[in-house]
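Colleague: I have the coordinates open and would like to go through some local features with you. Please give the cut-offs as the terms come up.

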Amino acid sequence: MNRRITVSLMLLALLASLAIHTLAQTPAESPEPNKDAPARKSPAERGADLYATYCALCHGKTGEGYLADEANALGNQDFLKSATDDFIIEAIVRGRPGTPMSAWGKERAGVLATSDVLAILAFIRSWQKEEPAEVSRGTADGDVKAGSKIYKRWCAACHGQKGDGASALSLNNTVFQQTASNGFIAYAIMNGRRETSMTEFKSRLSTQEIEDVVTFIRTLESVPEQVSAGPDSGVEFTPERLKRALLNPGNPLAEFSPFDGRYVPADVVHKAYKEKKSFVIIDARPYNDYLKSHIAGAVSVPFYEVEKAVDYLPRDSWIIAYCVCPHAMSGKALDGLREAGFEKSAILDEGFNEWKQRGYPSIKD
Ligand code: HEC
Ligand code: HEC
C-alpha cells in the first residue's frame with residue numbers, strides 16, 4: 001500500500017478512536033485532563049512566570065541580585081535559611097518604603113493577589129538548598145551608644161549613616177523594622193551573606209557588640225510606609241486615557257538625541273518641559289507608586305503593561321520613560337516600546353528622585 005495512504009488511514013483511525021473516547025465520556029467520569037491542554041502549573045511554576053515578569057529585572061533571573069542597584073540576592077543561601085516566609089511575603093506585599101522596591105500586593109494597590117505572592121514565595125524557596133538556620137529570637141537590650149560607634153565604624157559605609165542604604169540594603173524603613181526579628185538581624189551580622197560584600201562579623205565583633213549594634217539598628221529613624229488609595233490592580237488603557245498623554249498638544253514637538261541611543265539627561269527633558277514642547281512622559285513604575293507621586297503631566301504605563309498601552313500611544317512625538325531605579329523599570333519599558341516600533345523613545349537618565357531633588361514639577365509626595 002502507498003505509504004501516504006497508510007499514514008492517512010492510521011490518522012483516521014486515531015481520530016475516530018479519539019472521537020469515540022470523547023463521546024463516551026460523561027462529565028462525571030472525565031477527571032482525565034485533556035492531554036492537549038497545558039498541564040496545570042504548580043505554584044512554583046506559576047511563581048517562576050510571575051517572578052520573570054515582575055522581579056527578575058532587578059533581583060536577577062536566579063536571584064543572583066544586583067541587576068539594579070541594591071536589589072539583594074534573593075537566592076543567597078544565608079538569606080534563604082534565615083528569612084521566614086512572613087518576612088519575604090511582607091517585603092513583597094508592602095515593599096521597602098523609600099527604596100526602588102515597590103509594594104506589589106493588592107492590599108497595597110499593587111498587581112499581585114495573595115495567591116500570586118505565595119506562588120512567587122514558592123519559586124524563591126525552590127532555590128534554597130540548605131536547611132533553615134536556627135535563628136534565635138534575639139533581644140535588643142544592648143547599649144545604643146556603643147552600638148552606634150560600632151555601626152559608624154563597620155557598617156555605615158555600605159548601609160548609610162542613617163541606615164538609608166548607601167550601597168546596600170536599607171535598614172531604616174518601617175516594613176523592614178516591623179518584620180525583621182532581632183534574631184534575623186543578628187544572624188545576618190554574625191554570618192554575613194556569602195558571595196556578597198556583606199562579610200561575617202562574628203570573628204570581629206563579640207556577642208555583646210553584636211547585641212549593641214542590633215540595639216542601635218532598632219533606633220534608626222523609620223521611613224514610613226505610604227499607603228496609596230486607588231484601584232486594586234493594574235491599569236486599563238483606553239484611548240481616552242492615553243490621548244491625554246501628550247503634553248502640550250498642538251505645540252511644536254520636542255526633539256531629543258539620546259546618548260548611547262537610550263538616555264536623555266533630566267535637565268534636557270526639563271528644558272523641553274518648561275518650553276511647553278509637545279511630548280509624552282510615562283511613569284514605568286507600578287501604578288501604586290505613580291499614585292503616591294509622579295512627574296506632573298506623566299501618565300502611568302507600568303513596565304509590565306507596555307504591550308497593552310502601545311496601541312494607544314502617539315507615534316510621531318517623543319516618549320520619555322522614567323522610574324526611580326533609575327534604569328531598571330524604565331529600561332524594560334523602553335525595550336517594550338522599541339519592540340513595538342517606537343523609535344522616538346528614551347529613558348530619563350537620572351530618574352525620578354533626581355528630578356524631584358532639583359525641584360522640577362511633580363505631583364504630591
Ligand atoms: C526596581 C527594582 C526592583 C524590582 C522590580 C523588585 N525589587 Fe525587590 N528589592 C529591590 C531593592 C532595591 C530592594 C532593597 C531595598 C532596600 O534597600 O531595603 C529589594 C528588596 C526586596 C526584598 C527584601 C530583601 C531583604 O532581605 O530585606 C524582597 C523579599 C524582594 N525585594 C522581593 C522582590 C520580589 C518578589 C519582586 C517581584 C514581585 C521584587 N522584589 C521586585 C528592587 C526591586
Ligand atoms: C561592604 C559593605 C557592607 C558592610 C560593611 C556591611 N554590610 Fe550589611 N549588607 C551588605 C549587603 C550588600 C547586604 C545584602 C547582601 C545580600 O543578601 O544580597 C547586607 C545585608 C545586611 C543585613 C540583612 C538585611 C536584610 O534585609 O536582609 C543586615 C541586617 C546587615 N547587612 C547589617 C550590617 C551591619 C550591622 C553591618 C556592620 C556590622 C554591616 N551590615 C556591614 C553590605 C555591607
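Colleague: Does Asp260 count as buried or exposed, going by its C-beta neighbours inside 10 Å?

Modeller: A word on the source: this is a predicted model, in which local features need pLDDT of at least 70, side-chain atom pairs count only at pLDDT 80 or more, and totals for chains, interfaces and linings use all residues. Residues are numbered from 1 along each chain as its sequence is written, and chains are lettered from A and ligands numbered from 1 in the order in which they are written. A residue is buried if 20 or more other C-beta atoms lie within 10 Å of its own, exposed if 12 or fewer and partly exposed in between, with C-beta atoms placed from the backbone. Asp260 has 8 such neighbours inside 10 Å, so it counts as exposed.

Colleague: Where does Asn248, which has a positive phi although it is not a glycine, lie?

Modeller: Helices (H or I, at least four residues) and strands (E, at least two) are DSSP runs, numbered from the N terminus. The phi of Asn248 is about 50°, and Asp260 also has a positive phi of about 50°. Asn248 is partly exposed, because 17 other C-beta atoms are within 10 Å. Its place is in the loop between α12 (239–243) and β1 (263–264).

Colleague: Which residue does a cis peptide bond join to Cys325?

Modeller: The residue sits in the loop between β5 (319–322) and α16. Omega of the bond is about 5°. The partner of Cys325 is Pro326.

Colleague: Which residues are closest to ligand 1?

Modeller: A residue is near a molecule or strand if its C-beta atom, placed from the backbone, lies within 6 Å of it. Ligand 1 is surrounded by 27 residues, and α3 (56–59), α5 (85–94) and α16 (328–339) are the elements giving two or more residues to this shell. The closest residues are Cys55, Cys58, Ala91, Met101 and Ser170.

Colleague: Is Ile120 buried or exposed?

Modeller: Ile120 is found in helix α6 (residues 114–125). Beyond four places in sequence, Ile120 touches Gly47, Leu50, Tyr51 and Ile92 (contact: C-beta atoms, placed from the backbone, within 7 Å). With 26 C-beta neighbours inside 10 Å, Ile120 is therefore buried.

Colleague: Which residue in β5 stands opposite Val280?

Modeller: Two strands pair if DSSP finds at least two bridges between them. Strand β2 (residues 280–283) has Val280 and Ile282 on one side and Ile281 and Asp283 on the other, and all are buried. β2 runs parallel to β5, with 4 bridges joining them. Opposite Val280 stands Ile319.

Terms used:
Two residues are in contact if their C-beta atoms, placed from the backbone, lie within 7 Å.
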